[in-house]
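Colleague: Could you walk me through how to read the strands, helices and contacts in a model like this one?

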Amino acid sequence: MKRFIPPPWTQSIHGYLTAALLFGAGFLVVVTSLLLDSRIRTFLEDRYDEDLMGRAQTLITLTKEFDEGIELDYAGEFMPEFETPEGGEFFEVWLPDDKLLEGSESLVGRKLNLPHDPVPAPRFGDMELDGTGTCRTVIVSFIPQKEDADVEGQLELGDDHSEVVTLLLARKRGDFDRFLLVIRTWIWGSLAFLLGLIILLVRFVLRRGLAPLDDIRRQVMAIDSEDLTCRIDLNRPVMELNPVVTQLNALLERLEEAVIRERRFTSDVAHELRTPLSELRTLSEVGLRDPNDVAMVSSFLGDVHDISLEMQHLVENLLDLTRCDSGSRVTIPEEIDVTEAIRKAWSRAAIAAAPRNIQLSFMVEDPVRIQSDRIMVEQIFQNLLNNAVTHSPPGSTVRVELTAGDSGTEVVVTNPAPQLDSVDLRQMFDRFWQKDSARTGGKNTGLGLAIVSSFTKILEIQVSTRLVNQNFSLSLFFPRP
Amino acid sequence: MKLLLVEDSVRLQNSLKKGLEKEGFAVDVCGEGREAYDMAVAYDYDVIVLDLMLPGMNGLTILEKLRAGGRQTHVLILSAKDQVADRIRGLETGADDYLIKPFDFTELLARVKALIRRRYATKNPIVQIGALKVNTALGKVWRGDDEVNLSPKEFTLLEYLLSRRGRVVSRDTLVDHLYEGYGDVSSNVIDVVVCKIRKKIRIRGEPNLIQTRRGFGYVIP
């Protein structure tokens, strides 16, 4: 089956509204004009016929029956229209025995080409009269008034036809037709003017009404994928479009943030991978240029080993995140003693804490048990304590508070963070985020908190952060299942 | 020839410094942006090898400030930033070259040498004076058909004097361009190196290529 292809104008709001409004308004105007034309013409013709009938009535009144017979008491000086052809009015009065009683002088020997049989009611029509043109006619049959009698009447059915007289009256309708033409010309001329006005009005209103939409379209078309900093700005507030613009701008903002994050991520990955690769490559190339320099090569080998371990750590972290993203990270819930997990994590973090004289404040001794994945929870604590140690000033204390309640267990890790700003709290869980944009953290890759974020999402642990008086607190809440 | 290597990775610093020194360069290293800028302003390095992501002050800011201050030192950016836009930004800020990490050490050497040649307006790496032929790109010297075995430091001194041919170069200038650090090298060391070079490249019956201007320094006429 052939697929219906909608016409192009239906695919445009502007085109559709223009077509619909013009068609609708045009239809209404044409229908109104047709009705107006018909009503006015009928009204005028009726009035014209009434006038003609009034003239016929005059002639009927003048027709009387005497003892000697029927007579039309007609005086031309009072009715000059019947005197000459230019008067434009004509009549014939026919007797019942098919004899012409009288015809108007204006006929000048011509005959009205109309039937003169009696008619039960006045009959209007049109006819062509030689030398005059189209005439409006009326045929009326009546019983002439008897002299000295008050009764006068038109033909009644069942009356005696022998006394019935038939009046044929014609009036030239040239002037009337011209008048009708002028009226209709005005009607249809006004219609054309009105239609033109409507077209202009529709175009103006639509252009003005849809201007904000066009404005948005232009601005959206101007958005460059390489530059997402632009925002859509309406010149004047439009109630219907404001939510759309707000949403679009919010979308653009999120898109821009995502692109910036993506670029930063790519750049950070590049940096985190390229730097150790550069180190390895340079160490090997410089070493190979002079392999006999044993002292140099030996020191290089130590560096190569350290770089290998760091890259292994980086790759494992990235793999962990990838597994979390793909949903392939399997969790094995079991009973965990949080107190023990925290102390275990600190025992590892203490290796870096000791040289900088960083202490742990953790008062809880009793076991606090939760149900969760042991490896992931231990990794979370490890990352948090490593982070706290790395970013705390020498000689400071990392405080860990553990609270077990009916709804669940809360662990809060607090450490002094003089370099941290409140805006950092929003970004610190981003992958590769580091406070120092130069990424000179050495062994820190900026993946620790990203892993915490991914793991806590999987384990449904609620995370919140606070920065109060340059003390950074991260709270983990393990809801009771 | 004296280089300033600005790189925050200590391991890359060490390996590059050793590699470059083995090629005869005097290399000062720095891993912090502000300090690197101060060093670049204080000393007339032949080339600065500059990382972009640095603590304290990033590489582009250093470069921008150097150029704004009228410093014409040749700068080679060494960065992990590999996007075309990054390279364009680096070059438009005033860098003379851009090398992406990881890089080939030999390529880095070649580019540094090219920048040095550009500095001393010698596009041709081969210099021929009588029977002596020096290839600055390869770091090799021939006396007639025989290759002369110069140590990296000896070669660098010869190369520097060749780049300033016709002009007297003082011992202090030679120390500045041949030794890292802040000039705590005895000028005697230069005399010793010059003496060794003379012995190795001398052709019997011909005058010394490197001539002494007593009280001023050395010159290759």
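This is a predicted model: local features need pLDDT of at least 70, side-chain atom pairs count only at pLDDT 80 or more; totals for chains, interfaces and linings use all residues.

Colleague: In what order do the five strands of the open sheet in chain B come?

Modeller: Strands of a sheet pair through backbone hydrogen bonds, either parallel or antiparallel. Here a strand is a DSSP run of E with at least two residues, a helix is a run of H or I with at least four, and both are numbered from the N terminus. Two strands pair if DSSP finds at least two bridges between them. In chain B the order is β2-β1-β3-β4-β5, with parallel pairing. Because β2 (26-30) and β5 (97-100) of chain B each have a single partner strand, they stand at the edges, and one side of each has no neighbour in the sheet. On average, neighbouring strands of this sheet are turned by 20° against each other, direction ignored. As one pair, β3 (residues 47-50) and β4 (residues 74-79) of chain B share four bridges, and Leu50(B) has Ile77(B) as its bridge partner in β4(B).

Colleague: Which strands of chain B does helix α2 lie across?

Modeller: Angles run from 0 to 180 degrees between N-to-C directions, using axes fitted to C-alpha atoms, for helices over the stretch in contact. Residues count as in contact if their C-beta atoms, placed from the backbone, lie within 7 Å. Helix α2 (residues 33-42) of chain B lies across β1 (2-6), β2 and β3 of chain B, at about 145° to β2(B). Helix α3 (residues 59-68) of chain B lies across β1, β3 and β4 of chain B and runs at about 155° to β3(B).

Colleague: At what angle do α4 and α5 of chain A pack?

Modeller: Helix α4 (residues 242-289) and helix α5 (residues 294-326) of chain A pack at about 160°, with axes 10 Å apart. That makes α4(A) roughly antiparallel to α5(A); the cut-offs are under 35 degrees for roughly parallel, over 145 for roughly antiparallel, 65 to 115 for roughly perpendicular, and oblique for the rest. Among the residues that meet are Leu280(A) and Leu283(A) in α4(A) and Phe300(A) and Ile307(A) in α5(A).

Colleague: How many residues does each chain give to the contact between A and B?

Modeller: Chain B gives 20 residues and chain A gives 23. On the side of chain B, the largest share, seven residues, comes from helix α1 (residues 10-22) of chain B.

Colleague: Is β3 of chain A mostly covered or open?

Modeller: A residue is buried if 20 or more other C-beta atoms lie within 10 Å of its own, exposed if 12 or fewer, and partly exposed in between, with C-beta atoms placed from the backbone. Strand β3 (residues 89-94) of chain A is mostly covered, with five of its six residues buried. β3(A) pairs with β9 (residues 165-172) of chain A in the antiparallel sense over six bridges, and Phe91(A) has Leu169(A) as its partner.

Colleague: Where does Phe103(B) lie?

Modeller: Phe103(B) is in the loop between β5 and α5 (105-119) of chain B. Phe103(B) is partly exposed, with 18 other C-beta atoms within 10 Å. Leaving aside neighbours within four places in sequence, Phe103(B) is in contact with Ser278(A), Leu78(B) and Leu108(B).

Methods
Residues are numbered from 1 along each chain as its sequence is written. Chains are lettered from A and ligands numbered from 1 in the order in which they are written. Two residues are in contact if their C-beta atoms, placed from the backbone, lie within 7 Å.
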